[in-house]
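Here is a guided walk through one protein model. Keep the structure in view and follow each stop in turn.

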Amino acid sequence: QVQLVESGGGSVQAGGSLRPSCAASGYTYNRNCMAWFRQAPGKEREGVARIATGSGNTYYADSVKGRFTISRDSRKKELYLQMNTLQPEDTAIYYCAASDGFCPAVLSPSSRVKFGYWGQGTQVTVS
């Protein structure tokens, strides 16, 4: 059974940085895709970034490109999201997600169905 445990959210002023992490267990970090989604109040859950765990190929939503960096440590089975220059519109619950299959080329609204494993979410608040 795949387990995803998130930590590292919090409150920060605009322009600040946070680096939430996601610890994965219960599966081999191979031929897999991991991603960060976020959901703000009154909005649908949206894809933020994803990484192919085998190749390291990454994708970022336009809203975060250049500010956020997704990375992973395969040996430690951890996923990270370095978030710099945070803005109030980044306020949301951030979710770690994993897929048994290959990564989608991009994260679209329909991409959520490709990820069968989810963390509990961690709150990020930017004021």
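Two strands count as paired if DSSP finds at least two bridges between them. Strand 1 and strand 3 meet that mark: five bridges join them, and they run antiparallel. Glutamine 3 stands opposite serine 25 in strand 3. Bear in mind that this is a predicted model.

Strand 7 (residues 68-73) pairs with strand 8 (residues 78-83) in the antiparallel sense, over six bridges. Phenylalanine 68 has methionine 83 in strand 8 as its bridge partner. The two strands form a hairpin, with four residues between them. In this hairpin, lysine 77 takes a positive phi near 55°.

Is serine 21 buried or exposed? Its relative accessibility is 16%, so serine 21 counts as buried; the cut-off for buried is under 20%. What does serine 21 touch, once neighbours within four places in sequence are left aside? Its contacts are Val5, Glu6, Ser7, Trp36, Leu79 and Tyr80. Take leucine 79 from that list. Serine 21 and leucine 79 are 58 residues apart along the chain, yet their C-alpha atoms are separated by 5.5 Å.

Next comes strand 9. Seven bridges join strand 4 to strand 9, and the two run antiparallel. Alanine 35 has alanine 97 in strand 9 as its bridge partner. Strand 9 also runs antiparallel to strand 11, with three bridges between them. There, alanine 92 stands opposite valine 124 in strand 11. Strand 10 is joined to strand 9 by two bridges, again antiparallel. Alanine 98 stands opposite tyrosine 117 in strand 10. Strand 9 is mostly covered, with seven of its eight residues buried.

What lies inside? In soluble globular proteins, nonpolar side chains tend to be buried together. Here the largest nonpolar core has 27 residues. Within this core, Met34, Trp36, Leu81 and Tyr94 touch the most other members. Several elements give two or more residues to the core: strand 3, strand 4, strand 5 (46-52), strand 7, strand 8, strand 9 and strand 11 (122-126). Which strand gives the most to this core? Strand 9 does, with four residues.

Residues up to four places away in sequence are not counted here. Tyrosine 94 touches Glu6, Trp36, Phe37, Arg38, Val48, Phe68, Leu81, Met83, Gly121, Thr122 and Val124. A second, separate core has eight residues, including Cys33, Phe37, Leu107 and Phe115.

How many aromatic pairs does the structure hold? It holds two. One of them joins phenylalanine 37 and phenylalanine 115. This pair is edge-to-face, at 5.4 Å centre to centre and with 75° between the planes. Phenylalanine 37 lies in strand 4 (residues 33-39), while phenylalanine 115 lies in the loop between strand 9 (92-99) and strand 10 (117-118), so the pair ties together parts that are 78 residues apart in sequence. Phenylalanine 37 is buried, and phenylalanine 115 is buried too. Ring pairs link Phe37, Phe115 and Trp118 into a cluster.

The last stop is arginine 45. This residue lies over the face of tryptophan 118, at 5.0 Å from the ring centre. Arginine 45 also lies over the face of tyrosine 95, at 3.8 Å from the ring centre.

Technical notes: Residues are numbered from 1 along each chain as its sequence is written. This is a predicted model: local features need pLDDT of at least 70, side-chain atom pairs count only at pLDDT 80 or more; totals for chains, interfaces and linings use all residues. Side-chain values use heavy atoms; hydrogens and water are left out. Rings of Phe, Tyr and Trp (its six-membered ring) pair if their centres lie within 6.5 Å; planes under 30 degrees apart count as stacked, over 60 as edge-to-face and the rest as tilted. Buried means under 20% relative accessible area, exposed over 50%, partly exposed in between (1.4 Å probe, protein chains only). A charge sits over a ring if NZ of Lys or CZ of Arg is within 6 Å of the ring centre and within 35 degrees of the ring normal. Contact means heavy atoms within 4.5 Å. A nonpolar core is a set of buried Ala, Val, Leu, Ile, Met, Phe, Trp, Tyr and Cys residues joined through side-chain atoms within 4.5 Å.
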